[in-house]
Amino acid sequence: MAGARPVISILTDFGLADPYVGQVKGVILSYCRDAVIIDLTHEVMPFNELQAAFILRVSAPYMPPATIHLCVVDPGVGTGRRGIILETTRGDVFVGPDTGFMAPAAEILGVSAAYEIDESRLPPRDVETFHARDVFAHVVGRLARGEKPSSLGKRVESYTVMRLPEPIIEGDSAEATIMHVDRFGNLVTNLRPAQLGLELGSEAFVSIPGREIRCRYVKSYGFVEAGQLLLTVGGWGYLELSVNRGNAAEILGLKPGDRLRISKLG
Amino acid sequence: MAGARPVISILTDFGLADPYVGQVKGVILSYCRDAVIIDLTHEVMPFNELQAAFILRVSAPYMPPATIHLCVVDPGVGTGRRGIILETTRGDVFVGPDTGFMAPAAEILGVSAAYEIDESRLPPRDVETFHARDVFAHVVGRLARGEKPSSLGKRVESYTVMRLPEPIIEGDSAEATIMHVDRFGNLVTNLRPAQLGLELGSEAFVSIPGREIRCRYVKSYGFVEAGQLLLTVGGWGYLELSVNRGNAAEILGLKPGDRLRISKLG
Amino acid sequence: MAGARPVISILTDFGLADPYVGQVKGVILSYCRDAVIIDLTHEVMPFNELQAAFILRVSAPYMPPATIHLCVVDPGVGTGRRGIILETTRGDVFVGPDTGFMAPAAEILGVSAAYEIDESRLPPRDVETFHARDVFAHVVGRLARGEKPSSLGKRVESYTVMRLPEPIIEGDSAEATIMHVDRFGNLVTNLRPAQLGLELGSEAFVSIPGREIRCRYVKSYGFVEAGQLLLTVGGWGYLELSVNRGNAAEILGLKPGDRLRISKLG
């Protein structure tokens, strides 16, 4: 790994229409042109730290070991909240505001140390509304060119942790939360099939307000007819309620945060 | 070319809001951090293999020789359809589902061999709904770091080919299909001006349902007044029906798949 | 800097749904696979050269020194307008149509020379509607691999300059223009707080058609209650009218080009 190009993964709620992400990359590359940057997503809903936490936790394991994760959803930018660096045993580092949403991802990789970013070690700045560019990008750039977190802040004993909602299991039934709706309209829950003992090919009841749906739990979308509802394990590793070649979110009128009850049949 | 960084071009229908493309890149870069990745587009309409085929065929020649093309529009993911690697005489390689939409692009570069991906040579996986990440990205990563297609699957004699619609020429008139509508509202057809013998500066009739339009065939948009309809050859290499500084698709209410008749005048 | 990878920043109005940006990158990387490409933005409103000029001028200083800036908003593509290369004293180079919108950014970095692109030194082309790919990308690729601007065109004494609107200051009051609305609905003006002598924590009147707003000028969004209007200096370096955790553009019904009057209180 010696001499390997550093990998930087960026997640924000900035979108791609504004030049914000480009400016952040400009600052990072000013320190280290050898870095490889992965845009994890910039379409987190504005200020939605829960969505950011879920995307990060699911995605971090797929990034190359020792990735530097720059994570900025930051409605409190410029106020008292501190900036943090989380080191992990896999070698990955997470950089962003200490508001908790990075913690679930970092803890999956094993947090080994936390550092509070010391802004006095960074270039002075004129504005307080864009720390992604004026604070965190400098930190990431310096980490990418080989500096240690300890040169960018002081070690701290604790950091903020956001807890993601867990499903409530009651016998053969579970109340799950819709964590994400993807481009295809798949309704991604926080329930794993093993938690309910679901077996491939079996049927389940799905209850949403005003409607009860009977559908099969299958290996992939194409195992039911086009237009049919189904349950499957999506790329997120969780059960998702989907329509083969269709859009379940539109058909059912559901969105992130909505709940549904899934019951095993037979 | 020895030692040159491998170029990987990615086309999907995943969009950029979800972390799917980022996860795919994470897996690829885990094998080869030296790869250069081009996002050809991730905004293919969900499941629209025809649109993917057209974009790929037009774009592939502009990619650097020996590009690895990762192409995933895959409504049948996890079912019986196999994964394929198409080798070409230019040195490019196409990786994706064997459903035909990569073939027109690969055949322009000259297909020299096809390999059926042998998933037993790849890491085991838990889910069957995200082969872009769990199958194809591993294949692309290993090709990028120098492995041969033959180490990833067995050579096969045939592969699936999708045929793109061709215009129907009748004397001085042609029935063309709208293959794509771009951000500017340009209506990109499948007709080349030479097929109709159109000469720059001449006029043509364009018939669409309920409307007959007389417009000039010009070298570029700015050769007619702002707001005027025109025919020109766009970046796709085909005739497109456009409005100078305006949006032809909105003005005419046309969309991909619609047909129009173009007739030479005089 | 010898041997460092060249950085290329790209700004267009092409969007990301079409394969246009991907094709441009393919051509550039055909010349120089070692280039690092930053997508500044591709979501300039179609044909909006003023928006492009503002984004470029604000963003260019954040790019690494010696960046090659490819800038294409080009409604007159294929007509008489020439292509230009602007060299700057910081080492950056700007490449695009000579229509003026690159000039404000280049002049901030100090224009040292201008070259008219000589298309006879580039590969012949079939179409005249996509100079970003068929002209400018070739120029950028050759600059990236080390050629001098003088090998791509002849030096010229003048180039086109677009002037950005300036605010009109009258005592304790200023008429400002909304230059940009970002993803969060922040209304970015062309007024700097020092031009009005505004002090942090003080109040101001903001007049828009049909409405007078009293709000505080604060260090960042979070210094007022959620849902409250505020003035702050955004990442653009200018005053912006914003709503903490809300969308000012939607609430006030304002858009780029609209004007507002900001008056100091007390």
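Predicted model: local features only at pLDDT ≥ 70, side-chain atom pairs only at ≥ 80, totals over all residues.
1. Overall make-up of chain A. Chain A holds six helices and 15 strands. Along the principal axes, its C-alpha atoms fill a box of roughly 65 × 35 × 35 Å. Of the 266 residues in chain A, 61% are buried. Taking contacts in chain A between residues at least 6 apart in sequence, 64% link residues at least 24 apart.

2. Helix pair in chain A. Helix H1 (residues 20-31) and helix H4 (residues 131-144) of chain A have axes that come within 8 Å and cross at roughly 35°. The crossing of H1(A) with H4(A) is right-handed. On the H1(A) side the contact residues are Gln23(A), Val24(A), Val27(A), Ile28(A) and Tyr31(A). Their counterparts in H4(A) include Ala132(A), Arg133(A), Ala137(A), His138(A) and Val140(A), with Gly141(A) and Arg142(A) also taking part. Sorted by class, this contact has seven nonpolar, three polar and two charged residues.

3. The seven-stranded sheet of chain B. Chain B has an open sheet of seven strands in the order S2-S1-S3-S5-S4-S6-S7, and the pairing is mixed. S2 and strand S7 (153-156) of chain B stand at the edges with a single partner strand each, so one side of each has no neighbour in the sheet. On average, neighbouring strands of this sheet are turned by 25° against each other, direction ignored. Helix H2 (residues 49-59) of chain B packs on the sheet and touches S1, S2 and S3 of chain B. The direction of H2 makes about 130° with that of S2(B).

4. Strand S1 of chain B and its partners. In the strand order, S1 sits between S2 and S3. Strand S1 (residues 7-12) of chain B runs parallel to strand S2 (residues 36-41) of chain B, joined by five bridges. Five bridges also join S1(B) to strand S3 (residues 68-72) of chain B, again parallel. Ser9(B) has a residue opposite in each of these strands: Ile38(B) in S2(B), and His69(B) in S3(B). Together with helix H1 (residues 20-31) of chain B, S1(B) and S2(B) make a right-handed β-α-β unit.

5. Burial of S1. How many of the six residues of strand S1 of chain B are buried? Six of the six are, so the strand is largely enclosed by the rest of the structure. Burial applies to both faces: Val7(B), Ser9(B) and Leu11(B) point one way, Ile8(B), Ile10(B) and Thr12(B) the other way, and all are buried.

6. Strand S14 of chain B. Five of the five residues of strand S14 (residues 239-243) of chain B are buried, so this strand too is largely enclosed by the rest of the structure. Leu239(B), Leu241(B) and Val243(B) point one way from S14(B), while Glu240(B) and Ser242(B) point the other way. Note that Glu240(B) and Ser242(B) are among the buried residues.

7. Partners of S14. Strand S10 (residues 187-189) of chain B is joined to S14(B) by two bridges and runs antiparallel to it. Leu187(B) stands opposite Leu241(B) in this pair. Strand S13 (residues 229-233) of chain B also pairs with S14(B) in the antiparallel sense, over five bridges. Here Leu229(B) has Val243(B) as its bridge partner. S13(B) and S14(B) form a hairpin with five residues between them, and Gly237(B) in the turn has a positive phi of about 90°.

Notes. Residues numbered from 1 in each chain as written. Chains lettered and ligands numbered in written order. Heavy atoms only, no water. Buried < 20%, exposed > 50% of the residue type's maximum accessible area, 1.4 Å probe, protein only. Helix = DSSP H or I, 4+ residues; strand = E, 2+ residues; numbered from the N terminus. Pairing = 2+ DSSP bridges. Right-handed = clockwise from strand over helix to strand, strands pointing away. Axes fitted to C-alpha atoms, helices over the stretch in contact; angles between N-to-C directions. Left-handed = near helix turned anticlockwise from the far one by under 90°. Contact = heavy atoms within 4.5 Å. Nonpolar A, V, L, I, M, F, W, Y, C, P; charged D, E, K, R; others polar.
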